[in-house]
Amino acid sequence: IKLSKRCLFHRLPFFKLKHLFFFILTLFFNNTLIAKELIISEIKNKIENVDIYGNKFILNKNYIIKNGDFFKSKNQNSYFVFNNVKICLAKNSSVKFREIKSKNIILEHITGNLLVNKIKNKSLKVEISIYKKFIFDVKDKVYINQFNKNKFIVRSFFGLSYKPFYSKQTFKLKKNTTYKYNGKLKETKVSNILKDPLIINCLTNKKIIDANKNYSFTCIQNGKTLVCGYK
């Protein structure tokens with residue numbers, strides 16, 4: 001059936017608008033994907049990666065981090081850098097990329113010691129999930145040590161926010177302050193915490209993380225109080 005010239009004239013703008021819509025939609029999704037790319041630019045010491053499909057391999061430079069990636073350090077303190085964010089892991093420590101969005105990521109701290117150092121990246125928001133509790137508003141640096149089951153310490157360098165999963169209330173953490181979670185999050189003192197090699201190396205430009213000079217982290221029960229420190 002042949003269409004009249006008048007019919008074709010009225011249909012032409014529709015086709016133009018349709019193609020323009022798909023063109024804009026394609027650009028939007030492409031830009032979103034580009035914004036989501038977290039590319040490994042530097043690695044120190046061996047880090048094992050298990051992706052969402054269960055594939056296991058050693059992390060390499062230029063790898064694009066994806067949702068569900070599980071990173072674990074081996075027998076040495078290690079770090080990796082992406083988009084000017086430095087993630088330092090103590091030996092046998094692990095994290096998982098739970099969610100990657102265009103301008104923020106949710107990093108789940110699974111085991112061991114972790115230090116996140118946002119070197120120059122102010123636009124990418126980093127949230128850390130630990131035992132269904134969230135640490136966010138990471139403006140610069142944060143250190144977490146899981147020293148026992150469901151027990152951890154958090155060192156705030158430039159202030160943080162903290163929120164339990166089941167609560168709507170948000171708590172502001174002071175800068176240059178250490179907090180301990182043992183059922184509740186409370187301000188505490190941990191002796192020699194800044195001498196942990198993970199902190200020393202992650203906050204400097206040193207290329208070698210020395211695991212042989214570790215200050216060992218211990219907690220001693222003093223009556224009803226648990227006293228922790230690096231010795």
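Mentor: In E20, the bridge partner of Cys-219 is Cys-228. That bridge belongs to the pairing of strand E19 (residues 217-222) with strand E20 (residues 225-230). Keep in mind that this is a predicted model.

Trainee: In which sense do E19 and E20 pair, and over how many bridges?

Mentor: They pair in the antiparallel sense, over six bridges. Look at the turn next. The hairpin of E19 and E20 has two residues between the strands, and Gly-223 there takes a positive phi near 70°.

Trainee: How far is Lys-189 from Cys-228, in sequence and in space?

Mentor: They are 39 residues apart in sequence, and 7.9 Å apart in space, C-alpha to C-alpha. Lys-189 sits in the loop between E18 and H2. Its relative accessible area is 79%, so Lys-189 is exposed.

Trainee: Which two cysteines form a disulfide?

Mentor: Cys-88 and Cys-202, with their sulfur atoms 2.0 Å apart. The pair links distant parts of the chain: Cys-88 lies in strand E7 (residues 85-89), Cys-202 in helix H2 (residues 197-202), and 114 residues separate them. A search of the whole structure finds one disulfide.

Trainee: Why is the disulfide of Cys-88 and Cys-202 called right-handed?

Mentor: Read the torsion about the S-S bond. For Cys-88 and Cys-202 it is about 90°, so the disulfide is right-handed.

Trainee: Are the two cysteines buried or exposed?

Mentor: Cys-88 is buried, at a relative accessible area of 0%. Cys-202 is buried too, at 1%.

Trainee: Now the sheet. What is the strand order in the open sheet of nine strands?

Mentor: Read across it: E4-E1-E6-E7-E10-E13-E14-E17-E18, with antiparallel pairing. Then check the edges. Strand E4 (64-65) and strand E18 (185-188) each have a single partner strand, so one side of each is left without a neighbour in the sheet.

Trainee: Over how many bridges do E1 and E4 pair?

Mentor: Two, in the antiparallel sense; E1 covers residues 38-44.

Trainee: Which residues have the most contacts inside the largest nonpolar core?

Mentor: Ile-65, Phe-80, Phe-82 and Phe-97, in a core of 34 residues. Take Phe-97. Leaving aside neighbours within four places in sequence, its contacts include Leu-38, Ile-65, Phe-71, Phe-80, Phe-82 and Leu-107. Another core lies apart from the largest one. It has 17 residues, among them Tyr-79, Cys-88, Ile-153 and Phe-157.

Trainee: How should I describe a pair of aromatic rings?

Mentor: Give the distance of the centres and the angle of the planes. The structure holds nine aromatic pairs. In one of them, the rings of Phe-82 and Phe-97 have their centres 5.8 Å apart and their planes at 70°, so the pair is edge-to-face. Phe-82 is in strand E6 (residues 78-82) and Phe-97 in strand E8 (residues 94-100), 15 residues apart. Phe-82 counts as buried, at 0% relative accessibility. Phe-97 also counts as buried, at 0%.

Trainee: What about Tyr-162 and Phe-171?

Mentor: That aromatic pair is tilted: 6.2 Å centre to centre, with 40° between the planes. Tyr-162 counts as buried at 5% relative accessibility. Phe-171 counts as partly exposed at 35%.

Trainee: Which residues do ring pairs link into a cluster?

Mentor: Phe-71, Phe-80, Phe-82 and Phe-97.

Trainee: Back to E8. How many bridges join E8 to strand E9?

Mentor: Six, and the two strands run antiparallel; E9 covers residues 104-111. A hairpin of three residues joins them. Val-95 has His-109 as its bridge partner in E9.

Trainee: In which sense do E9 and strand E11 pair?

Mentor: Parallel, over five bridges, with E11 at residues 125-130. Leu-107 stands opposite Ile-128 in E11.

Trainee: Where does pLDDT stay under 50?

Mentor: Over residues 27-35, for which the model has one contact beyond four places in sequence. Where pLDDT is low, the predicted coordinates should not be read in detail. The protein averages a pLDDT of 81, and 80% of the residues score at least 70.

Technical notes: Residues are numbered from 1 along each chain as its sequence is written. This is a predicted model: local features need pLDDT of at least 70, side-chain atom pairs count only at pLDDT 80 or more; totals for chains, interfaces and linings use all residues. Side-chain values use heavy atoms; hydrogens and water are left out. A disulfide is a pair of cysteine sulfur atoms within 2.5 Å. Helices (H or I, at least four residues) and strands (E, at least two) are DSSP runs, numbered from the N terminus. Buried means under 20% relative accessible area, exposed over 50%, partly exposed in between (1.4 Å probe, protein chains only). Two strands pair if DSSP finds at least two bridges between them. A nonpolar core is a set of buried Ala, Val, Leu, Ile, Met, Phe, Trp, Tyr and Cys residues joined through side-chain atoms within 4.5 Å. Contact means heavy atoms within 4.5 Å. pLDDT is the predictor's confidence in each residue, from 0 to 100. Rings of Phe, Tyr and Trp (its six-membered ring) pair if their centres lie within 6.5 Å; planes under 30 degrees apart count as stacked, over 60 as edge-to-face and the rest as tilted.
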